[in-house]
Structures are given as structure tokens and as C-alpha cells.
Amino acid sequence: MRLIHVSFAVCALALPIVASAQPRQLTAADYARAESMLGATTSPLVSGTAGRVSWLPDGRLYYRASTADGAEFVMVNPARRTRAVAFDHARLATALTSATGMAVDPKRLPFSSIELSPDARLLTASVRGTSYNCDVRAYSCVKAPASTRLDAPRNSSVSPDGSYAVFIRDYNLWGKDLTSGQETQLTTDGIEDFGYATNNAGWVHNDNPVVSWSSDSRRIATFQHDGRGVTDMHLVSTNVGNPKLQSWKYPVPGDSVIFRVSRVVIDRTAPEGSRVTRFQMPPDPHRSTVSDHIACGGSVCDLQWFNDGSKVAFISSSRDHKNATLRIADAVTGAVRTVLEETSKTQIGDASLAENLWRVLPASNEFIWWSQRDNWVHLYLYDLTTGQLKNRITTGTGNVTEVVHIDEKSRQIWFTAVGKEDGRDPYFQHFYRIGFDGRNQVLLTPEVSHHTVSLSPDAKYFVDTYSTPDTPPVTVVRDANNGRVLRELERADISRLVASGWKPPMPVTMKARDGTTDIYGLMFTPTNMDSTRKYPIINYIYPGPQSGSVGTRSFTPSRNDHQALAELGFVVVAIDGMGTPGRSKEFHDAYYGNMGDNTIPDQVAGMKELASRYSFIDIDKAGMWGHSGGGFATAAAMFNAPDFFKVGISESGNHDNRNYEDDWGERYQGLLVKNGDTDNYADEANQTHAAKLQGKLFLIHGMMDDNVPPSNTLLVADALMKAGKDFDLLMLPNARHGFGADGPYIMRRRWDYFVQHLQGNIPPKEYQIGRPRQP
């Protein structure tokens, strides 16, 4: 099977927008054309895509597929290689109309997900907040009967069997029986700043408990979260009357006291009612290998229960992330033993890694462990008792990205990985099968594309959707033993998208700062581009270290507002420089301890190379924008490469990591070390270099940002003022980190700023993105 690359000609219905000696007045129509390239318009123009896959016990699967005029639910039998609609949509629509009293369009059923009974006869779905059960043989629908179980309390965690929920009250963990409604206090010694299951990492904080349930729903692994002595963060609201003060614990790099966790197991079914077993070890720093938090989807990161609920395996990470220790705790006695210690000169893991790259296998007294000790993320097999290495499992270049399934009986592992296939984009993900002994590795997804998979519970089949940034997705079902395609399920149709004037981004490869390392990115150009003219170039940046600028290598019709911005007369690029994940450990650690680097030398090198390759790029008019870490990078680029970058828009930047949460800086910059009146963080802080500004800089920050505190941007503003520099500043009175409802306004201001200062043209006055317009 082949991917068909998109190529077409677009008739220029509007004059291309370019920089000129005489400023041009852009119109609302120019901005409307740019807005038409945003996802709200482009995504509905793509059909033939498969949604989330659900598997039935008999091996069949179902999903929702987009169509040109709506959507349909599809049933697939991989064993018989059949694909058909899951039910008669017209008859179901009639039954739903009768049951709900509302008109139901069979091509646009009023739900996007369903749950089918094991025999696929009973369909359950929610319509306007009410659950309905529909017999899809008799085609009758009724309101689902009220559950015999009570609703779980707000901000709670429900047990695997659905019978019990735990929640936080007055710093203690409480439980509620969802049949009787009886509440039980599970812990009693929780106090303010030393409560149980507390969900606070400084940069994120909420009332949901952080707990991991044993599979039998009897026991809960959690911790007592010690914030005593930790410094406070404060934000002040903007409102009529006296402002409201928001305060919470928020440690920063160099603090003598950070969050600590004392690990416990709570047995809610103990004879005495409930029993708290403390692990016999000192508190751990509030750290994990896979996040700047210890909460992963509501569960405790880096923790696994033994299947019988007798023991807990977990990883303790040091404050500086240079050490990770695998330990086993007895759930009854709290006795702890150390199994393995991993060390690194820089740091171990980060948020780019999946949470399930290691696995304890008590039945065979083994465990699978991941490590970057040889420059790549590989899997290793160890003895669970002795902690001795038995053998390597994966080898060579490339990183394992997820352990999808382990079959202990056949001793086979199914996993995804990037960078293992020579001559391909190293960020393309593929699916593999390999033996515990490291032999007989099989590539199950051979197409030169980025693959996302859903494996059946019995590991016989898998659904594979593959695409690239410039080729639409194809979805097939395959044999999980050898990867053989059993049937094509969907092939995306982008003909309406193309007819609208859309065109895909161009994948580009460049050399990094060292002149030898390949770096990869995407380039967006105006759909009506005149290649004989020159266009300013804008770099969208997210410098890492836990993610990059490009994002997924799967097809998506719109990425941020890149193509929309290009429509206004720019070349837009996103480049993953050295220091971003997905490549080797050496590549990822390129600027460890030097966070002010921000991949800027690679961005400059890549943009210059593209300009030498494409004459329509005006490299003398280079701009940059980014959000959060990208805001940090944008200001750094304007200060440290002032001769190259002429215009920058810095949003929500963590400009001084001494003013950001402790885990981020201490992972990537290292522990803060004082040196007289300064420290090893000072030179990486943007305000240190603010006096070097030459171009036009626009700083934007939400005043209620509880992730990256607004003081980060105000420190830069203060330094710029003291240096006598002109700059633009917009503080959003009630916005959090992502801007929320202010997002469209900020997008328009971003467009205006580049049009005015990088292009030299005049934007339309106060254009409103998302506002309905006259045809």
C-alpha cells in the first residue's frame, strides 16, 4: 500500500501579501482568509478518519468514522476481514427521536462515542446529559435505569470495581461506599500542609486525590504530602472592590525545603476498618522520572502494584533527577528493599517518556527496565530478587516510546519506537514485536510514516493509523504477529480541504549549529505565494527540553495558527533543535545546565540554510514567537541574537527559572549553586541580557497564571525599562497560563504585530477571530 502525496496548484484569488517600501493596508478579507486556515474550518473538511477504537471480547472492534456529511459507527471483524456499519443508523435515529422527543439526523447522531455490550446488541450513549440504552436489533431506545450505585463525590478516585470512591476532606483521605453511601475516614493524622494524597506540584494544584488502586480494589497506594516550610506563591485578582489573594505552596529552585512524600498503603478492608501502613524509609523528594509532578492521570507516577496486591513496586527519584531507585514495598508490613539503582550525569527521564516503560513480572521473578545508559531508550530484563541484569532486550539506535503489551507466557513484548529505521524521519513512530531474550525483533508497520496503534487485548490484531505531516491518514487492521494487513478500514479524503485552497506544510531537513547533525522541521508558505518575491520568516519555537516545536508527526489539517500566519504574507517554520527529545540522549542533553541556550543557535542555522535554499525567504526579516518555554526562548533570541531576530512575541515565558517551579529548573539546569552574589541560574535568566534588545519585542502574560507566575515577565519588563529600551507589554487581567477565552484576542494581536513590525504593513483595525461574518 502506498501513501499518495498531496500536490496541486492553487489559483491566486487574492494578491499575495508581501513586505514593500510603501505600507499596504491589509483588509478584514485578508484576515478572514487567514482565519479560514485555522482548525475550526479545516478539520471538518477532512473525512474518512477513524476515531478511538474499542475492542469486544470476541475480537471484533468498533469506532466512529468521519464522513463527508457527518459520521458513522463501524464494526470490524479482523478474523473474517469484514467491515460494515455497526448498526442501521436511520433506524437508530428513529428510535432515538421517539425516546428523546428531539429530531435526530442519522448522519449526525447526537453523540460521538458509544459503549456496546459484549454481544454488540445493546448500545449505551449519552444524549444531552441523559444516558440511553438502545437495542440495535429491535431498534428501540429507553432511558438507562438509574444505577444502583450512588454518584461518586466530586474530586474523587473510584476503585477499579466501581464500588468505592476516595476523596480528600480536611487533609485526610476519606472513602465512600457507592452502594450504601456510608463514608469512612481512612486516615486521621493529616493536617494542613501535611495531608494525604495531596495534588500539588506548585505549577499545578487541585483537589483531586493522587492514589493508585490495587487490582482487587482493596488497597490504595498513596502518600502523605509534606509542604511544611515550603515557600508560598501569591496571585491577586482583578475585580471591582478589594482584590482576592490566591496563595498556595510553590517551591522554586534553591529552596532549602521542597515538597516531600511519605509513602503509605491504605487497606480499606482491614479487620479494624482501615489500616495505614507506612513504608519503612525516609520521605522521597517530590519527583518522578516522567513528569514535573508525581501524579500521572490521577495515579501515583512510577508505581505498580503486584497483581495479587501483596507488594508495591515504585521508583524513588533524587531531587536533581540524577538517581532513580527501583524499590519493592510489602503492602502489609511496609518493609522496603532496593532492587536497582540507575544514575546519570545529567538527568533521568522527563515528560516526553511514557509512564509504562518498566514492568514488574512477579510470576517469573523478573522485571523489564528502561535506561538511556547507552545513549538511547532501551529495554533490559532483570532478576526481580537480585536486581542482576539477565539480558538486553532492545539494541541499536532509536528510542522505545511505549511498552504496549507484554505476553508473559510467550515471553513477547509489543512496543513502539522512533528512530530505529534508517533513512526515515527519526521522529516517525513504528510498532514492533520482540522476545524477552532480545531476539526476533519484527517491524510490524513497514510504511514510511508515523504510526499510532491500538492492540487487541489478546494481542492477535491491531489497528494502525499511519500518516505524515503532508500525507493524510490511512487506517488498516493488521495481524499482530507479523504486521500483515488484513483489511484497509479508512482512507482519509482531503479533496474538500484541497479545494478550499489549503496546502500541506513542507517537511524540511537542515544542519544544526555543529554543521553535521541533522535537524528536522516543517515550513508553511502562503497558498498564493509568488516565488519571485521575498517573504519575512517567522519561527514558532518550543525549545524543550520535554517537547519540541513541530509536535506530532501525524497528519493534521492545521497546526496552531502556522498556516493562518503564513497566509498573511510570511514563511513560518517550526524546527526541533538540539536539546529537544525524541533523538539520542546526547542530542537531548545538548544544553543541559545552560537553559538560556533554548536551541537558538540551531534555529538560526536552520533558518539561514532554508534561506540559502529558497530564494523567496527574506532572511533579513526574521521573527519569532512562542508560549511558555517558547516565550522564554523568544525573549532569549531577541536578546542573544539581536542582529538576526528583528521582531519577537513572548507569551507566558518562564524567563527566570529561579521564579518557576523547582522541579523544572533542577531537572534541566541542575541544583542551584551560589557563587558569591550570583549563582548558576543568573546567566540563563532573560532579564540579565535585556539591555541587548535591538528589535521589537512584545511581552504577554496572564496575571492569574498559576503555572508560570507573571513575575517572570515583569522581571524582564523591569530590566528593559532600566535599560531605557522600548518594548510592548500586555498583562491579561484574569488569564491563566493558556489564556483561555483571551486566546483569539491574543492570536489577532500576534498577527497584527508581525504584519506591522516585521512586514511593514498595516493590519485591519480590531479584527475579531471567531466572529460570524456576512457571506
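The following dialogue examines how several features of this predicted model are assigned.

Trainee: What makes C134 and C141 a disulfide?

Mentor: The sulfur atoms of C134 and C141 lie 2.2 Å apart. A disulfide requires cysteine sulfur atoms within 2.5 Å, and therefore the pair qualifies.

Trainee: Which handedness does the link of C134 and C141 have?

Mentor: The link is right-handed, with 115° about the S-S bond.

Trainee: How do you know whether C134 and C141 are buried or exposed?

Mentor: C134 has a relative accessible area of 2%, and C141 has one of 11%. Buried means under 20%, so C134 is classed as buried, and so is C141.

Trainee: How do you know that C296 and C301 are joined by a disulfide?

Mentor: Their S to S distance is 2.0 Å. The cut-off is within 2.5 Å, so this pair also meets the criterion. The link of C296 and C301 is right-handed, with 100° about the S-S bond.

Trainee: Why is C296 called partly exposed?

Mentor: C296 has a relative accessible area of 23%. Buried means under 20% and exposed means over 50%, so a value in between is called partly exposed. C301, at 3% relative accessibility, counts as buried.

Trainee: How many disulfides does the structure hold, and what pattern do they follow?

Mentor: The structure holds 2 disulfides. With bonded cysteines counted along the chain, their pattern is 1-2, 3-4.

Trainee: What is the strand order of the open sheet, and which strands are its edge strands?

Mentor: The open sheet has 4 strands in the order 33-34-35-36, with antiparallel pairing. Its edge strands are strand 33 (399-407) and strand 36 (442-443), each of which pairs on one side only.

Trainee: How do you know that the reach of helix 7 is close to the expected value?

Mentor: Helix 7 (residues 600-613) has 14 residues and reaches 20 Å from its first C-alpha to its last. The expected span is 1.5 Å times one less than the number of residues; for helix 7 the expected value is 20 Å, and the reach is therefore close to expectation.

Trainee: Which residues of helix 7 are buried?

Mentor: The buried residues are I600, D602, Q603, V604, G606, M607, L610 and A611.

Notes: Residues are numbered from 1 along each chain as its sequence is written. This is a predicted model: local features need pLDDT of at least 70, side-chain atom pairs count only at pLDDT 80 or more; totals for chains, interfaces and linings use all residues. Side-chain values use heavy atoms; hydrogens and water are left out. Buried means under 20% relative accessible area, exposed over 50%, partly exposed in between (1.4 Å probe, protein chains only). Two strands pair if DSSP finds at least two bridges between them. Helices (H or I, at least four residues) and strands (E, at least two) are DSSP runs, numbered from the N terminus.
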